[in-house]
Amino acid sequence: MFTAQLTQTKRWLEANRAFAFILKTVIGANLIAIFAQISVPMYPVPITGQTLALTVVGFALGRKAAVSAVLLYLFEGAIGLPVFANASSGFQVLLGPSGGYLIGFVPTAYVLGYFSDKGVLNSFWKSVAVALLATVITFVFGLAQLSLFVPADKVLAFGLYPFIIGGVIKAVLASLLVIPSYKFFSKL
(Lines give C-alpha, C1' and ligand atoms only; values in the text may rest on other atoms or scores of the structure.)
Protein backbone atom coordinates (compact mmCIF):
# COMPACT_ATOMS: atom_id res chain seq x y z
CA MET A 1 0.00 0.00 0.00
CA PHE A 2 2.71 2.49 1.05
CA THR A 3 4.87 1.65 -1.98
CA ALA A 4 1.86 2.04 -4.29
CA GLN A 5 1.17 5.51 -2.87
CA LEU A 6 4.81 6.54 -3.31
CA THR A 7 4.79 5.26 -6.88
CA GLN A 8 1.61 7.21 -7.59
CA THR A 9 3.10 10.35 -6.04
CA LYS A 10 6.26 9.91 -8.10
CA ARG A 11 4.19 9.63 -11.30
CA TRP A 12 2.23 12.75 -10.37
CA LEU A 13 5.42 14.71 -9.72
CA GLU A 14 6.88 13.56 -13.05
CA ALA A 15 3.71 14.70 -14.81
CA ASN A 16 3.90 18.08 -13.04
CA ARG A 17 7.62 18.80 -13.33
CA ALA A 18 7.41 22.59 -12.98
CA PHE A 19 5.44 22.32 -9.74
CA ALA A 20 7.78 19.59 -8.48
CA PHE A 21 10.81 21.78 -9.23
CA ILE A 22 9.34 24.72 -7.32
CA LEU A 23 8.38 22.45 -4.43
CA LYS A 24 11.90 20.96 -4.27
CA THR A 25 13.43 24.44 -4.38
CA VAL A 26 11.27 25.78 -1.55
CA ILE A 27 11.73 22.69 0.62
CA GLY A 28 15.50 22.72 0.03
CA ALA A 29 15.85 26.42 0.88
CA ASN A 30 13.81 26.04 4.04
CA LEU A 31 15.70 22.93 5.14
CA ILE A 32 18.95 24.91 4.93
CA ALA A 33 17.29 27.79 6.83
CA ILE A 34 16.07 25.48 9.60
CA PHE A 35 19.47 23.81 9.99
CA ALA A 36 21.16 27.23 10.04
CA GLN A 37 19.48 27.77 13.40
CA ILE A 38 21.37 24.80 14.85
CA SER A 39 24.36 26.90 15.76
CA VAL A 40 27.33 27.05 18.08
CA PRO A 41 28.34 30.71 18.27
CA MET A 42 32.02 31.27 17.54
CA TYR A 43 33.94 34.34 16.47
CA PRO A 44 33.95 35.31 13.65
CA VAL A 45 32.19 32.31 12.00
CA PRO A 46 29.69 30.11 13.89
CA ILE A 47 29.45 26.33 13.56
CA THR A 48 26.04 25.56 12.06
CA GLY A 49 23.97 22.76 10.60
CA GLN A 50 23.74 24.61 7.29
CA THR A 51 26.44 22.62 5.56
CA LEU A 52 24.85 19.32 6.56
CA ALA A 53 21.53 20.48 5.12
CA LEU A 54 23.32 21.85 2.05
CA THR A 55 24.96 18.48 1.41
CA VAL A 56 21.68 16.62 1.82
CA VAL A 57 19.88 19.12 -0.44
CA GLY A 58 22.62 18.96 -3.07
CA PHE A 59 22.59 15.18 -3.18
CA ALA A 60 18.81 14.78 -2.90
CA LEU A 61 17.67 17.42 -5.37
CA GLY A 62 20.25 17.24 -8.12
CA ARG A 63 22.11 20.10 -9.75
CA LYS A 64 19.32 22.41 -10.95
CA ALA A 65 16.96 22.21 -7.98
CA ALA A 66 19.81 22.30 -5.43
CA VAL A 67 21.34 25.45 -6.94
CA SER A 68 17.87 27.02 -7.12
CA ALA A 69 17.25 26.13 -3.47
CA VAL A 70 20.52 27.77 -2.39
CA LEU A 71 19.82 30.88 -4.47
CA LEU A 72 16.35 31.13 -2.92
CA TYR A 73 17.86 30.68 0.55
CA LEU A 74 20.40 33.46 -0.07
CA PHE A 75 17.67 35.70 -1.50
CA GLU A 76 15.46 35.08 1.55
CA GLY A 77 18.31 36.08 3.83
CA ALA A 78 19.35 39.07 1.75
CA ILE A 79 15.83 40.58 1.81
CA GLY A 80 15.63 40.31 5.57
CA LEU A 81 14.08 36.95 6.41
CA PRO A 82 15.89 35.53 9.48
CA VAL A 83 17.23 32.44 7.73
CA PHE A 84 20.96 32.76 8.28
CA ALA A 85 22.75 31.45 11.38
CA ASN A 86 21.35 32.72 14.69
CA ALA A 87 18.28 34.11 12.84
CA SER A 88 20.39 36.79 11.20
CA SER A 89 19.56 38.32 7.86
CA GLY A 90 20.38 41.12 5.50
CA PHE A 91 22.75 41.80 2.68
CA GLN A 92 25.41 42.80 5.21
CA VAL A 93 25.66 39.14 6.33
CA LEU A 94 26.63 38.19 2.76
CA LEU A 95 29.28 40.92 2.82
CA GLY A 96 30.53 40.03 6.32
CA PRO A 97 33.08 37.53 7.66
CA SER A 98 30.87 34.47 7.09
CA GLY A 99 29.41 35.67 3.79
CA GLY A 100 31.96 33.84 1.67
CA TYR A 101 30.82 30.52 3.07
CA LEU A 102 27.23 31.40 2.18
CA ILE A 103 28.18 32.48 -1.34
CA GLY A 104 30.24 29.30 -1.66
CA PHE A 105 27.04 27.32 -1.11
CA VAL A 106 26.10 27.98 -4.77
CA PRO A 107 29.07 26.18 -6.39
CA THR A 108 28.94 23.59 -3.61
CA ALA A 109 25.31 22.78 -4.43
CA TYR A 110 26.21 22.63 -8.11
CA VAL A 111 28.98 20.08 -7.53
CA LEU A 112 26.88 17.94 -5.16
CA GLY A 113 23.93 18.00 -7.54
CA TYR A 114 26.06 17.36 -10.60
CA PHE A 115 27.60 14.23 -9.13
CA SER A 116 24.25 13.13 -7.74
CA ASP A 117 22.78 13.42 -11.24
CA LYS A 118 25.69 11.30 -12.49
CA GLY A 119 24.90 8.49 -10.02
CA VAL A 120 27.46 9.02 -7.27
CA LEU A 121 24.86 7.96 -4.69
CA ASN A 122 25.25 4.38 -5.88
CA SER A 123 28.50 4.28 -3.89
CA PHE A 124 28.84 5.30 -0.26
CA TRP A 125 32.56 6.04 -0.52
CA LYS A 126 32.23 8.02 -3.74
CA SER A 127 29.43 10.08 -2.21
CA VAL A 128 31.56 10.78 0.87
CA ALA A 129 34.44 11.84 -1.40
CA VAL A 130 32.15 14.20 -3.33
CA ALA A 131 30.74 15.58 -0.06
CA LEU A 132 34.30 16.26 1.14
CA LEU A 133 35.14 17.95 -2.17
CA ALA A 134 32.02 20.08 -1.76
CA THR A 135 33.11 20.99 1.77
CA VAL A 136 36.48 22.14 0.39
CA ILE A 137 34.68 24.37 -2.12
CA THR A 138 32.68 26.01 0.66
CA PHE A 139 35.89 26.56 2.66
CA VAL A 140 37.71 28.12 -0.30
CA PHE A 141 35.01 30.75 -0.75
CA GLY A 142 34.62 31.24 2.97
CA LEU A 143 38.31 31.65 3.70
CA ALA A 144 38.77 34.04 0.78
CA GLN A 145 36.18 36.44 2.17
CA LEU A 146 37.16 35.88 5.80
CA SER A 147 40.69 36.97 4.88
CA LEU A 148 39.30 40.47 4.35
CA PHE A 149 38.25 40.63 8.02
CA VAL A 150 40.98 38.94 10.04
CA PRO A 151 44.77 39.06 9.98
CA ALA A 152 46.32 36.69 7.44
CA ASP A 153 47.94 34.60 10.16
CA LYS A 154 44.52 34.02 11.80
CA VAL A 155 42.41 33.05 8.75
CA LEU A 156 42.92 29.29 9.04
CA ALA A 157 42.64 29.36 12.84
CA PHE A 158 39.31 31.19 12.68
CA GLY A 159 37.85 29.81 9.46
CA LEU A 160 39.14 26.30 8.86
CA TYR A 161 40.72 24.40 11.73
CA PRO A 162 37.69 24.46 14.07
CA PHE A 163 35.48 23.15 11.25
CA ILE A 164 37.51 20.29 9.75
CA ILE A 165 36.26 17.46 11.98
CA GLY A 166 32.68 18.72 11.73
CA GLY A 167 32.98 18.92 7.95
CA VAL A 168 34.11 15.30 7.73
CA ILE A 169 31.34 14.15 10.08
CA LYS A 170 28.72 16.09 8.10
CA ALA A 171 29.96 14.59 4.80
CA VAL A 172 29.65 11.06 6.14
CA LEU A 173 26.32 11.76 7.84
CA ALA A 174 24.81 13.31 4.71
CA SER A 175 25.84 10.27 2.68
CA LEU A 176 24.37 7.97 5.31
CA LEU A 177 21.10 9.92 5.24
CA VAL A 178 20.66 10.33 1.50
CA ILE A 179 21.87 7.02 0.02
CA PRO A 180 19.21 4.74 1.54
CA SER A 181 16.45 7.15 0.52
CA TYR A 182 17.89 7.47 -2.97
CA LYS A 183 18.06 3.69 -3.39
CA PHE A 184 14.52 3.24 -2.07
CA PHE A 185 12.93 5.90 -4.28
CA SER A 186 14.90 4.90 -7.39
CA LYS A 187 13.31 1.43 -7.18
CA LEU A 188 9.79 2.87 -7.36
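**Entry 1: the model**

I am working from a predicted model.

**Entry 2: α3 against α5**

I began with the pair α3 and α5. Helix α3 covers residues 50-78, and helix α5 covers residues 99-117. I looked up the packing angle and found about 105°. The axes of α3 and α5 are 7 Å apart. The angle falls between 65 and 115 degrees, so α3 is roughly perpendicular to α5. I then sorted the residues of this contact by class. The contact of α3 with α5 has 15 nonpolar, eight polar and two charged residues.

**Entry 3: the course of α3**

Next I checked how α3 runs from end to end. Helix α3 has 29 residues. A straight helix would reach 42 Å at 1.5 Å a residue, but the end C-alpha atoms of α3 are only 16 Å apart. I looked for a bend and found a kink of about 135° in α3. The kink is centred on G62. After α3 comes G80, and I noted its positive phi, near 110°.

**Entry 4: V57 in α3**

I picked V57, which is found in helix α3. Is V57 buried or exposed? Its relative accessible area is 3%, so V57 is buried. I listed its contacts, leaving out residues up to four places away in sequence. V57 touches G28, L31, I32, G62, A66 and A69. V57 and F75 are 18 residues apart in sequence. Their C-alpha atoms are 17 Å apart in space.

**Entry 5: the course of α5**

At 1.5 Å a residue, its 19 residues should span 27 Å. The end C-alpha atoms of α5 are 28 Å apart, which agrees. I still found a kink in α5, of about 30°, at V106. The kink lies shortly before the proline P107. Just after α5, G119 takes a positive phi of about 95°.

**Entry 6: the buried side of α5**

Which residues of α5 are buried? I found G99, G100, Y101, L102, G104, F105, T108, A109, V111, L112, G113 and S116. I then asked what they pack against. The buried residues of α5 pack against α3, α4, α6 (124-146) and α7 (155-159).

I took T108 from that list for a closer look. T108 lies in helix α5. At 1% relative accessibility, T108 counts as buried. I set aside its neighbours within four places in sequence. T108 is then in contact with L54, A134, I137 and T138.

**Entry 7: the loop between α3 and α4**

Phi of N86 is near 60°, a positive value in a residue other than glycine. N86 has 46% relative accessibility, so it counts as partly exposed. A87 is also placed in the loop between α3 and α4. Its phi is near 60°, again a positive value in a residue other than glycine. With a relative accessible area of 43%, A87 is partly exposed.

**Entry 8: S39**

Last, I looked at S39, which is found in strand β1 (residues 39-40). S39 has a relative accessible area of 21% and is partly exposed. The cut-off for buried is under 20%. I also took the distance to Q50, eleven residues from S39 along the chain. The C-alpha atoms of S39 and Q50 are separated by 8.8 Å.

How values were computed: Residues are numbered from 1 along each chain as its sequence is written. This is a predicted model: local features need pLDDT of at least 70, side-chain atom pairs count only at pLDDT 80 or more; totals for chains, interfaces and linings use all residues. Side-chain values use heavy atoms; hydrogens and water are left out. Axes are lines fitted to C-alpha atoms, for helices over the stretch in contact, and angles run from 0 to 180 degrees between N-to-C directions. Helices (H or I, at least four residues) and strands (E, at least two) are DSSP runs, numbered from the N terminus. Angles under 35 degrees count as roughly parallel, over 145 as roughly antiparallel, 65 to 115 as roughly perpendicular and the rest as oblique. Ala, Val, Leu, Ile, Met, Phe, Trp, Tyr, Cys and Pro count as nonpolar, Asp, Glu, Lys and Arg as charged, and the others, Gly among them, as polar. Buried means under 20% relative accessible area, exposed over 50%, partly exposed in between (1.4 Å probe, protein chains only). Contact means heavy atoms within 4.5 Å. The expected span of a helix is 1.5 Å times one less than its number of residues. The bend at a residue is the angle between axes fitted to the seven residues ending there and the seven starting there.
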